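Here is a short briefing to read alongside the model. Please keep the sequence and the 3D view open as you go.

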Amino acid sequence: MELIALPAFADNYIWMLHDGTDAVVVDPGEAAPVLSALDERQLALSGILVTHHHGDHVGGVDELRSRLKGTVYGPKRERIPEPFVAVADGDVVDLLGLHFEVIEVPGHTAGHVAYFHAGREGAPILFCGDTLFSGGCGRLFEGTAEQMHASLARLASLPGDTRVCCAHEYTLSNLKFARAVEPGNAALARYKADCEATRAAGRPTLPSTIAVERAINPFLRCDQPEVTASARTQGARSAEGTEVFATLRRWKNEFR
Ligand code: ZN
Ligand code: FE
C-alpha cells in the first residue's frame with residue numbers, strides 16, 4: 001500500500017491510498033489531480049471517501065464518477081453529491097481489502113466524519129478532513145467548542161503511530177500560533193524547525209502522527225499547565241478543558 005498526498009487548490013491535500021492496481025481517494029475537491037495520479041500510475045479508482053460537505057472536499061466527486069468502479073461514502077448527516085452511501089459512527093467501510101472505521105467528529109461541520117484504519121502491515125491511518133490539522137484544528141463553522149473538544153479527544157486517543165492525514169497544509173501557520181501558546185514546549189520548537197525545513201524543500205509536512213500531535217498540538221493539550229495559563233491570559237474563565245479549548249480557538253481566529 002502506498003499513501004500519497006495529492007496537492008489541490010492552494011493548500012488542500014487529496015489523499016490517495018493504492019495497492020498498485022486499485023486506488024481510493026479522500027475528499028477530492030477537484031478531479032484533475034486525481035485523474036493525473038490515476039493515469040500516471042495506471043490505477044483504477046475503486047472508492048471515494050468524503051469527510052464533510054465543504055466544496056474544497058467534494059467539488060471533484062461528480063467529475064470522477066465516470067472513472068469510479070465503486071462507491072462514494074460520506075457522512076449521513078450532511079449533503080454530499082448524490083448518490084453516496086451514508087455512513088455514521090461505528091460503521092465499517094471495506095476498501096482495498098482494508099477496514100475503515102467511521103468516527104463521527106462534529107465541530108468543524110455538524111456531521112463531519114473521520115475514517116480510521118487500524119493497520120495490518122503498516123501503521124494505522126486516519127483521514128480526518130478539517131477536524132485535526134498538524135499543530136491545529138478546524139474552525140467551528142457548525143459545531144460547538146464542546147463538540148470539537150470531544151471530537152479531538154477521541155482522535156487523540158488513537159494509537160500513537162497512527163498516520164494523521166489532514167486535508168490542508170496549514171502546519172507552519174498553526175505552529176506559529178502553537179509557539180505563542182506554549183513557548184516552553186521543546187518538542188514543539190524542534191518540530192517547528194523540522195517542518196520549516198520540510199516546507200523549504202517543497203515537501204508536505206503530512207502525514208503527522210497522533211504521538212506528535214499529542215506532544216505539540218495545543219488543541220490536544222488543554223490540560224497542560226502552560227496551555228491553561230496562556231488561555232487564562234486570553235480570557236479563559238477557568239482551567240476546565242472545554243473553556244480552555246474555546247479560548248484557544250477564538251484566540252487562533254484572530255492570531256496573525
Ligand atoms: Zn472544511
Ligand atoms: Fe477544507
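A residue counts as buried under 20% relative accessible area, exposed over 50%, and partly exposed in between (1.4 Å probe, protein chains only). By that scale Asp130 is buried, at 5% relative accessibility, while Asp56 is partly exposed at 22%. This is a predicted model, in which local features need pLDDT of at least 70, side-chain atom pairs count only at pLDDT 80 or more, and totals for chains, interfaces and linings use all residues. Residues are numbered from 1 along each chain as its sequence is written, and side-chain values use heavy atoms, with hydrogens and water left out.

**The metal site**
- Asp56 (OD), His57 (NE2), Asp130 (OD) and His168 (NE2) coordinate the iron ion (ligand 2) at 2.1 to 2.3 Å; donors are N, O and S atoms within 2.8 Å of the metal (3.2 Å for Na, K and Ca), and sites may look incomplete because water is not among the atoms.
- Asp130 also coordinates the zinc ion (ligand 1), which is 3.3 Å from the iron ion (ligand 2).
- Asp56 lies in helix 2 (residues 55-58) and Asp130 in the loop between strand 10 (125-129) and strand 11 (132-133), so the pair ties together parts 74 residues apart in sequence; helices (H or I, at least four residues) and strands (E, at least two) are DSSP runs, numbered from the N terminus.

**A helix contact**
- Asn174, Phe177, Ala180 and Val181 in helix 5 meet Leu248, Trp251 and Lys252 in helix 9, where contact means heavy atoms within 4.5 Å.

Methods
Chains are lettered from A and ligands numbered from 1 in the order in which they are written.
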